[in-house]
Amino acid sequence: MFNSFTRCATLIARPSFSLFSFLLSLSLSLSAQALEPSFASTHAPIGIMGDHLHKKGEWMVSYRAMQMDMSGNLLGSTPISDEDIVTSQPNRFAGMPMMPPTLRVVPQDMTTTMHMFGAMYAPTDNLTLVAMVNYLKKEMTLRTYQGGMGTTVLGDFKSKSSGIGDTKLGILYRLAQGETHRFHSNFTLSLPTGSITEEGRPLTPMNMRPLRRLPYPMQLGTGTYDVTPGVTYTGNSGIWAWGAQALYTLRTGENDEGYTVGDETKINTWLQLGFSETVSGSLGLEHKSSDAIDGIDAAIALPVQTADPANSGRDLINVKLGVNTAFTRGALAGHRFAFEYVVPIEQDVNGLQMEMQSMWTLGYQKAF
Ligand SMILES: [Cu+2]
């Protein structure tokens with residue numbers, strides 16, 4: 001009796017994706033056993049790459065817009081003020097001509113936008129090929145303090161870079177597939193197509209604007225061939241879907257400017273709930289850990305934290321909230337749209353670095 005009532009009510013509420021239908025879906029999930037899995041949940045949250053394979057002969061194209069916002073600074077895991085930075089944090093270039101003993105330029109905020117174009121193709125049911133090309137735009141606002149000491153602000157300036165990032169080619173290979181559980185291996189090769197020699201005109205403490213190579217976080221690529229092996233697990237039962245992915249990125253060799261970006265480990269887990277056939281929500285947890293840059297680019301020397309390779313690499317724990325939509329009929333049949341919002345709940349940086357505030361991904365996918 002209660003069952004048929006909730007089912008009826010869900011049908012009525014379905015077109016309006018509201019809290020009401022969400023609650024009804026939830027109650028349905030508790031009262032009914034044989035529910036169709038949500039088609040929207042057959043893909044992981046949009047921030048996860050290489051989560052699914054395709055059927056033999058199938059293609060998929062995708063576009064993702066991503067934005068990461070950073071502001072303020074952390075010394076390890078503790079916030080540090082601009083005044084403390086410019087009076088207490090040593091400048092690794094001190095002793096060189098015109099170089100003050102402490103840092104004098106402080107990053108205020110940074111926005112990184114990425115446009116990611118992807119294609120997938122499955123030559124067999126067990127193997128899917130992936131290619132991704134990125135366009136990056138980075139913008140940082142920095143504050144320069146006057147002269148070699150004290151806390152007098154000279155002024156703010158903007159640092160910008162944009163262009164093609166590193167290109168990624170990947171192979172997804174099925175390891176096991178059952179009714180509920182699926183496993184595949186990931187392998188990605190990253191080609192150094194992103195520039196590592198971007199330049200700008202920083203405002204120096206002596207009030208000059210010389211043309212200089214931009215610090216490491218403003219560069220667009222790693223300059224090395226990078227390989228990322230990993231494994232992905234996905235499962236589903238009823239209106240629930242879930243998954244986990246572990247990836248390790250290894251930089252091979254040293255780039256032309258004399259350094260190697262730190263290796264990176266990324267572990268993701270997620271849980272998805274199908275509100276309907278076409279809409280699902282997700283909750284994810286990510287642990288990301290990267291090492292510091294090894295080596296140094298001799299052309300990067302400024303009294304700013306980002307010019308010191310020791311101030312790179314961090315540990316992050318992120319919480320992710322997402323929505324997937326996948327249309328199964330009508331004019332939009334076969335089109336997927338998804339959004340994911342990410343906030344760090346814990347971060348610990350090597351040395352002195354900007355604090356990550358949030359990140360989001362908006363994505364579109366179409367298979368044919
Ligand atoms: Cu795909």
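## Domains

Domain bounds are taken here from an automatic or database domain assignment, and on that basis the chain divides into domain 1 (1-35) and domain 2 (39-367). The centres of domain 1 and domain 2, taken over C-alpha atoms, are separated by 38 Å.

The model is predicted, with local features needing pLDDT of at least 70 and side-chain atom pairs counting only at pLDDT 80 or more, while totals for chains, interfaces and linings use all residues. Residues are numbered from 1 along each chain as its sequence is written.

## Nonpolar cores

A nonpolar core is a set of buried Ala, Val, Leu, Ile, Met, Phe, Trp, Tyr and Cys residues joined through C-beta atoms within 7 Å, where buried requires 20 or more other C-beta atoms within 10 Å of the residue's own, placed from the backbone. The largest such core has 23 residues, of which Ile85, Val86, Leu103, Val105, Val106, Leu142 and Val304 touch the most other members. Two or more residues come from each of helix H3 (82-88), strand E3 (105-124), strand E4 (127-145) and strand E18 (352-367), with helices (H or I, at least four residues) and strands (E, at least two) being DSSP runs numbered from the N terminus.

Apart from this core lies another, of 6 residues, including Ala40, Leu273, Val279 and Ala326.

## Strand pairing

Strands E16 (residues 314-326) and E17 (residues 335-349) pair in the antiparallel sense over 13 bridges, pairing being assigned if DSSP finds at least two bridges between two strands; Arg314 has Val349 in E17 as its bridge partner.

E17 is also joined to E18 by 8 bridges, again antiparallel, and Phe337 stands opposite Tyr364 in E18. The hairpin of E17 and E18 has 2 residues between the strands, and Gly351 takes a positive phi near 65° there.

Conventions. A residue is buried if 20 or more other C-beta atoms lie within 10 Å of its own, exposed if 12 or fewer, and partly exposed in between; C-beta atoms are placed from the backbone.
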